[in-house]
Amino acid sequence: MASYPRRIGAVFIDWFLASGVGMIIAPGNQWVVLAMFVFLHFALLWLFATTLGKRIFRIQVVQLGGATIRLYQAAIRAILLGLVIPVLIIDRDGRGLHDKLAGTVEIHM
């Protein structure tokens, strides 16, 4: 599994990217930034199993067992990540509620 420092670093990079795009689309509107963060997270995970931030920190999101995630798993994970609270609920395995509900895990490549 990917370590917490790697995950946090990846989220910061992804949020910075979403902030830049969101500020171009609608300056000053943080809801657009949040929507862009969720959309980019969903699209990149579904297409590549990683985001820009995760790629930099060598993290990949896979199904339990290692298979590539499916469309619905990327959607569940992205929506719950946008809600923030599920990310803060972590089990003893180190997976957040968003990963548990989506059936995914973040691994170090």
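Helix α2 passes helix α4 in a right-handed crossing, meaning that the near helix is turned clockwise from the far one by less than a right angle. Helices here are DSSP runs of H or I, at least four residues, numbered from the N terminus. This is a predicted model, so local features need pLDDT of at least 70 and side-chain atom pairs count only at pLDDT 80 or more, while totals for chains, interfaces and linings use all residues. Residues are numbered from 1 along each chain as its sequence is written, and side-chain values use heavy atoms, with hydrogens and water left out.

Two packed helices are described by the angle between their axes and the distance between the axes. For α2 and α4, residues 71–83, the angle is about 155° and the axes are 9 Å apart. The axes are lines fitted to C-alpha atoms over the stretch in contact, with angles from 0 to 180 degrees between N-to-C directions. The angle makes α2 roughly antiparallel to α4, a term for angles over 145 degrees.

Contact means heavy atoms within 4.5 Å. Among the residues making it are Phe42 and Trp46 of α2 and Ala78 of α4.

Now the rings. The structure holds two aromatic pairs. One of them is Phe42 with Trp46, stacked, at 6.2 Å centre to centre and 10° between the planes. Rings pair if their centres lie within 6.5 Å, using the six-membered ring of Trp, and planes under 30 degrees apart count as stacked.

Where do Phe42 and Trp46 sit along α2? They are four residues apart in α2, residues 30–48, so about one helical turn separates them. Phe42 is partly exposed at 21% relative accessible area, and Trp46 is partly exposed at 41%; that class lies between buried, under 20%, and exposed, over 50%, with a 1.4 Å probe and protein chains only.

Technical notes. Phe/Tyr/Trp six-rings, centres within 6.5 Å; stacked < 30°, edge-to-face > 60°. Helix = DSSP H or I, 4+ residues; strand = E, 2+ residues; numbered from the N terminus. Parallel < 35°, antiparallel > 145°, perpendicular 65-115°, else oblique.
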